[in-house]
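Here's a quick briefing to keep beside you while you turn the model around on screen. Take a look at the fold before reading on.

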Amino acid sequence: SLTISKGAVEFKNVSFHYPESDVPVLRDLSFSVQPGETLAILGSTGSGKTSLFQLVPRLYDVTEGEVLVDGKNVMNYPIEKLRKGIGVVPQEAVLFTGSITENIGWGKEDATSDEIISAAVDAQIHETVEKLPNQYDTRVGQRGVNLSGGQKQRLSIARALVRKPKILMLDDSTSALDLKTEGKLLKALRTYSCTTFIITQKISTAMEADHILLLDDGTVEAWGTHEELLNTSPLYVKIVQS
Ligand code: DUT
Ligand code: MG
């Protein structure tokens, strides 16, 4: 049956409102991302970035239009196959009461210790884990050690990486990282060759992407590379200058 093989993503005239309201949150979005490309999504708070994300792994379904993965409507995939190929790192990192190993391996119980460590190295959290009282056996979450926001984000990224997703979606997941650490993370992500959606507030991150999508009140305000947007989008220029 259907599984994600390459990771191409296309939005075709997508509109969306939440089930409990009829206010459109996304209106007529169309764009496509090729396998292995990185798309940075920018936009002010409430512009619809997280909502857009949720439509790919079908946490919500589109109201109008289509989301295609590898040319096929996401509605046609068995949902567990679809989600297996997509690593979503949510805006608020969620840790469970359990060890670091359990937290990274959550949802992939057959992950080997080497795979866990390798994901942690790439997510730039390995060195922090090594310094914890019981390294990978250290308990986190309620009644466990306290981790900073940025450390939780990186654990959450490691959890997505250990599954070797074809599509990786980072919802502002690097907001608490310093530029140097973020740079190392983005470099490591390239070795996964996965299609990457990265919601970010940072122009430095957006500049590295193959495409930038600037959302404004649920519509595509601008699409292109950093250089293209500097020439075509007054809103983008304003963000760059702020
Ligand atoms: N919204 C709802 N119900 C929800 C979530 C969001 O009605 O369960 C609304 C709030 C907002 C719009 O959808 O008007 C877009 O929200 P979203 O969370 O997608 O915005 P964002 O771009 O991710 O904002 P932020 O930068 O604050 O995360
Ligand atoms: Mg959001």
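Predicted model: local features only at pLDDT ≥ 70, side-chain atom pairs only at ≥ 80, totals over all residues.

The chain splits into two domains: domain 1 takes in 1-85 + 165-242, and domain 2 covers 92-164. Their centres, taken over C-alpha atoms, sit 25 Å apart. The structure holds 5 salt bridges, but the count between domain 1 and domain 2 is 0.

**How the two domains meet**

- Domain 1 puts 18 residues into the contact, and domain 2 puts in 14 residues.
- Interface size is often quoted as the accessible area lost when the parts come together. Here, domain 1 and domain 2 bury about 1300 Å² between them.
- Of that buried area, 63% is on carbon and sulfur atoms.
- Which residues of domain 1 lose the most area to domain 2? They are P165, L185 and Y192, and together they make up 39% of what that side buries.
- If you're looking for polar links across the interface, there are 4 residue pairs in polar contact, with both residues at pLDDT 80 or more.

**What the domain 1 side is built from**

- Three elements each supply at least two residues to the side of domain 1 that touches domain 2: helix α2 (79-84), strand β9 (167-171) and helix α7 (179-190).
- The most comes from α7, which gives 5 residues to that side.
- Sorted by class, the domain 1 side has 9 nonpolar, 4 polar and 5 charged residues.

**Salt bridges to look up**

- Start with D217 and R27, which form a salt bridge whose closest N and O atoms are 3.5 Å apart.
- That pair links distant parts of the chain, since its partners are 190 residues apart. D217 is in the loop between β11 (211-216) and β12 (219-224), and R27 is in strand β2 (residues 26-33).
- Are the two partners buried or exposed? D217 has a relative accessible area of 54%, so it counts as exposed, while R27, at 35%, is partly exposed.
- Next comes R190 with E208, whose side chains meet at 3.3 Å, N to O.
- D110 pairs with K108 in another salt bridge, with the closest N and O atoms 3.1 Å apart.
- D110 is exposed too, with a relative accessible area of 58%.

**A loop residue to check**

- Where does N146 sit? You'll find N146 in the loop between β8 (139-140) and α6 (149-161).
- N146 has a relative accessibility of 76%; exposed means over 50%, so N146 falls in that class.
- For a sense of spacing, pick N146 and A160, which are 14 residues apart along the chain. Their C-alpha atoms are separated by 21 Å.

How values were computed:
Residues numbered from 1 in each chain as written. Chains lettered and ligands numbered in written order. Heavy atoms only, no water. Domains from an automatic or database assignment. Contact = heavy atoms within 4.5 Å. Buried area = accessible area lost by both parts, 1.4 Å probe. Salt bridge = Lys/Arg side-chain N within 4 Å of Asp/Glu carboxyl O. Polar contact = N/O pair within 3.5 Å; in protein donor to acceptor, adjacent residues only side chain to side chain. Helix = DSSP H or I, 4+ residues; strand = E, 2+ residues; numbered from the N terminus. Nonpolar A, V, L, I, M, F, W, Y, C, P; charged D, E, K, R; others polar. Buried < 20%, exposed > 50% of the residue type's maximum accessible area, 1.4 Å probe, protein only.
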